[in-house]
Amino acid sequence: MINISKPKVVLTRKILEPGLSILKENCDVIVRDKIQPPTKQEIIELVKDADALVCQITEKIDKDIYDAGKNLRVVSTVSVGYDHIDVPEATKRGIYVCYTPGVLTNATADFAWTLIMAASRRVVEADKYVRDGKWVIPWALDMFLGYDVYGATLGVVGVGRIGQAVIERARGFNMKIIYYDIVRRQDLEQQLGIEYCELNELLKRADIVTIHVPRTKETIGLINENNLKLMKKTAVLVNTSRGGIVDERALYKALKEGWIFAAGLDVFEKEPTPLDNPLLTLPNVVVAPHIASATVQSRTKMSELAALNVVKVLSGEEPPALVNPDVKKIRPPEQVKMI
Ligand code: DGY
């Protein structure tokens, strides 16, 4: 009898069922059975003998993990961001790194708009006011005044997939749209009716600023005390990308001292953000626990795509979403093939 062993895939935490089924059809699957993200030591234990690792944004995947996972052929993150993975080191070692772009674009863009609306129109503050029994005057002209979204100038920082989806949604609000990106996207300017400007100019001109850049060495602290001071006192700032891109201490000052009107934050420098984060004391900040992509449809597709990435790599085929195509020069697909 020939013993055909299947590749071993380990998951740091469970993914949604359609994704799990894709993996189980093709591989031996081990899912770490805890809700909390694993410690580094737990990941090290998990990857020993594993051919593939499915991870999430909460796990730092670095040299130590690759050292422990001598057989690792693919690391597949259930996220579009991959700043938690040391990609160059993986490439050097011939490990394929995959991610889940595209399938969460609409959910994330919708949520950026949720925060834009909520912060501009003080929805969370007003909700609390009603629940706290403070609504005693039936109606007043100056109660909970916010700022118009319709007809406002929208400043989009980063016009990748999600930034573009946010722009598409602005059409119905008759907005002037300006954008900044490290590379000017002339190809998009006519198509989307957007105008390029440098970051400082964008911050000066925009009524609403929404951030859609990855976290890299260049984008950490991109929005800081110096440039927050350039913004309009009536402006709203929304971040659904990554914590650390907006300097939280500076943002606190800006909101507290009225340099800007309000902010909407789905991401924080440290997650979960500690309860003593001064930002949480401010009424003009709407916060969420990193849930921009959290719809049933989006998280299901993310799980499926992360699984498919693994199966394709282990089949010696092109995965649908490969971060490091250069890895193919180090370890060609036929050498990775196990299925
Ligand atoms: C990502 O995918 O990078 C998000 O931050 C979580 O969906």
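Val 157 sits in strand 6, which covers residues 153–157. The model is predicted. Val 157 is buried, at 0% relative accessible area. Across the whole structure, a search finds 27 salt bridges.

**Around Val 157**

- Val 157 counts as buried because its relative accessible area is 0%, and the cut-off for buried is under 20%.
- Leaving aside residues up to four places away in sequence, Val 157 touches Tyr 180, Leu 199, Leu 202 and Leu 222 among others.
- Its contacts also include the run Val 209, Thr 210, Ile 211, His 212 and Val 213.
- Thr 77 lies 80 residues from Val 157 in sequence, and the two C-alpha atoms are 24 Å apart in space.

- In general, strands of a sheet pair through backbone hydrogen bonds.
- Strand 9 (residues 208–211) and strand 10 (residues 236–239) run parallel and are joined by four bridges.

**Salt bridges**

- Side chains of opposite charge can pair when their charged atoms come close.
- Asp 62 and Lys 40 form a salt bridge, with N to O at 2.8 Å.
- Asp 62 is in the loop between strand 3 (52–55) and helix 3 (63–68), while Lys 40 is in helix 2 (residues 40–47), so the pair ties together parts 22 residues apart in sequence.
- Asp 62 counts as buried at 13% relative accessibility, whereas Lys 40 is partly exposed at 36%.
- Glu 189 pairs with Arg 184 in a salt bridge, the closest N and O atoms being 2.8 Å apart.
- Here Glu 189 is buried, at 13% relative accessible area, and Arg 184 is partly exposed, at 43%.
- Lys 34 and Glu 42 also form a salt bridge, the closest N and O atoms being 3.3 Å apart.
- Lys 34 is partly exposed at 49% relative accessibility, and Glu 42 is partly exposed at 24%.
- A network of salt bridges links Lys 63, Asp 67, Glu 89, Lys 92 and Arg 93.

Definitions and conventions
Residues are numbered from 1 along each chain as its sequence is written. This is a predicted model: local features need pLDDT of at least 70, side-chain atom pairs count only at pLDDT 80 or more; totals for chains, interfaces and linings use all residues. Side-chain values use heavy atoms; hydrogens and water are left out. Two strands pair if DSSP finds at least two bridges between them. Helices (H or I, at least four residues) and strands (E, at least two) are DSSP runs, numbered from the N terminus. Buried means under 20% relative accessible area, exposed over 50%, partly exposed in between (1.4 Å probe, protein chains only). Contact means heavy atoms within 4.5 Å. A salt bridge is a side-chain nitrogen of Lys or Arg within 4 Å of a carboxyl oxygen of Asp or Glu.
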